[in-house]
Amino acid sequence: APTTSRDVSGVKEFLERNVLFGNITFDSIVAGYVNATAGNTTAGDGNSTIGNVTLGDGNSTMGNITEDMTTFAELEAEDPRLVALDWILHKDAMQLEVYDDNLSQRYIMGLLAVAWDSESWDHCGAVVEDDAENMEETGSTLGNDSSTCTVTNNATGLVQIFQRWLSDADECDWYGVLCSGGFVRSIELAENNLIGEIVPELGMLPFLQIIDLSSNCIFGTIPSSIGQLSYLTNMDLKDNGLSGNIPMELFNLTNLVKLDLSYNVNYDGNCTRFDGTEEEIPISFGLEGMILDSNIGRLEYLQDIDVTDNYFSGSISPEIGKLKQLGRMVVDNNVFKSTVPDEITQLINLKELWLSMNYFTGGIPENIGALKSLESFSMWENEDLTGHIPDSLYDLTMLEDLHLFRNSFSGSISTQIGRLTKLKTLTLAENNFTGTLPTELGLCQDLEFLRIEMTDIEGSAPKEVCDLTEKNLFSDDRDKEYFKADCLEDNVTMVAFFVCDCCSSCCDHDTNVCTILNRQ
């Protein structure tokens with residue numbers, strides 16, 4: 001119970017003035033930081049460091065997120081900010097005072113629990129109270145009947161014990177939270193059935209380095225206050241239902257190493273709560289905006305970016321060439337419309353480049369062979385991509401997957417294809433390729449999947465290629481399309497456009513009708 005001497009109104013006033021909707025003074029969060037830690041501070045997984053922190057002069061602010069600031073009195077009763085206020089004032093055993101350094105942080109963490117419906121979490125959310133009378137009396141279902149929870153580690157099978165969110169334990173001990181020097185550095189709550197929106201107050205955890213909310217039921221927009229998390233290195237929001245334009249402030253996160261916003265299309269519009277009931281959420285067609293415009297060059301430490309399955313548009317700016325550490329770039333299934341800039345070939349550490357299902361134009365950059373580390377390259381289903389395969393592509397001797405199908409590429413397949421000895425997947429279907437299939441393709445001993453149907457590649461399958469079906473070019477399951485070509489005989493001439501005795505699936509060159517063959 002609260003002590004009689006506690007300044008409850010002062011706590012409320014402090015949070016209202018400095019925290020509510022992002023109106024926070026930076027120095028109010030880090031007050032006492034010098035006493036807690038000094039110099040370089042390791043956080044997160046122990047590999048990244050915060051570095052030397054310089055405190056402000058008292059005039060710097062983080063926030064002013066809303067034009068018209070709101071008071072607690074103006075909020076609806078069910079607003080998570082008001083529920084979190086009730087918790088920290090009346091239910092939280094810590095009973096923090098205005099002068100406690102972690103008052104703002106603990107309130108924000110409590111707010112996150114409420115905003116993301118922690119009672120519905122799969123692991124370690126707030127306890128659901130069974131006492132209906134107590135719930136009616138308090139007007140809230142937030143309780144602390146049990147402060148601990150157990151989670152089975154899927155990798156090791158070990159059962160681990162954690163502190164629940166909204167328990168009496170220090171917020172740094174709550175499940176999925178890591179702290180250093182008393183400040184929250186990491187929040188990792190992937191696949192935990194979080195339901196709700198990202199509140200602006202998240203941006204007021206100034207030393208946060210890792211945020212992983214992937215594979216949940218997070219909807220709404222990404223608040224502009226996210227740009228205040230200047231130490232953030234990893235942001236993973238994939239597989240949710242986020243929508244709207246990305247805030248320009250996101251490009252203030254110049255320490256980002258990983259950015260994953262993929263799979264935020266949600267046509268279902270429902271989330272399942274802890275009691276099995278369905279909660280309706282807004283349908284999402286994905287995040288929008290020009291995420292690869294010139295601002296992308298500001299994220300120079302980025303190593304991994306994935307924005308698959310959204311509604312991002314615009315072009316790939318030549319500034320992409322500044323991301324020298326980038327190892328993975330996946331932008332499939334958006335509405336980008338531009339040529340692929342030559343500067344992308346400056347990303348010498350790139351291992352995975354996926355540009356499929358967009359509206360890219362032009363051709364494959366002539367100097368693509370400069371990407372010596374590239375292992376997977378996909379440009380399928382960009383119907384306005386034209387031109388030939390550059391000779392330099394055959395310099396990509398580390399390449400394992402090459403997907404170029406469903407475009408308008410032309411020209412022949414070079415005999416240099418045999419240099420790609422690590423190749424496992426080659427899809428050239430639905431293009432205007434001509435000529436014959438080179439015998440040198442038989443040098444690709446690891447090849448598992450080959451598609452050349454609906455092209456003008458003619459002649460016959462070389463013995464060297466057919467011999468691969470005795471190695472890796474086959475399938476043990478029902479998927480018999482591992483080698484597909486225009487090898488179905490014409491109904492009139494009874495002659496196939498492409499003769500193939502080892503194909504698993506054949507198509508008619510003129511009608512595009514295909515059938516799977518029953519080859520033993």
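Residues are numbered from 1 along each chain as its sequence is written, and side-chain values use heavy atoms, with hydrogens and water left out. Because the model is predicted, local features need pLDDT of at least 70 and side-chain atom pairs count only at pLDDT 80 or more, whereas totals for chains, interfaces and linings use all residues.

**Overview. The whole protein.** Of its 520 residues, 51% count as buried, where buried means under 20% relative accessible area, exposed over 50%, and partly exposed in between, with a 1.4 Å probe and protein chains only. Searching the whole structure for disulfides (pairs of cysteine sulfur atoms within 2.5 Å) finds seven.

**View 1. The disulfide of C172 and C179.** The sulfur atoms of C172 and C179 lie 2.1 Å apart, and the torsion about their S-S bond is about -90 degrees, so this disulfide is left-handed. C172 is buried at a relative accessible area of 15%, while C179, at 26%, counts as partly exposed.

**View 2. The disulfide of C500 and C503.** Here the sulfur atoms of C500 and C503 are 2.1 Å apart, with an S-S torsion of about 100 degrees, so the disulfide is right-handed. C500 is buried at 7% relative accessibility, and C503 is buried at 0%.

**View 3. The disulfide of C507 and C514.** A distance of 2.0 Å separates the sulfur atoms of C507 and C514, and the torsion of about 105 degrees about their S-S bond makes the disulfide right-handed. C507 is buried at 0% relative accessibility, whereas C514 counts as partly exposed at 30%.
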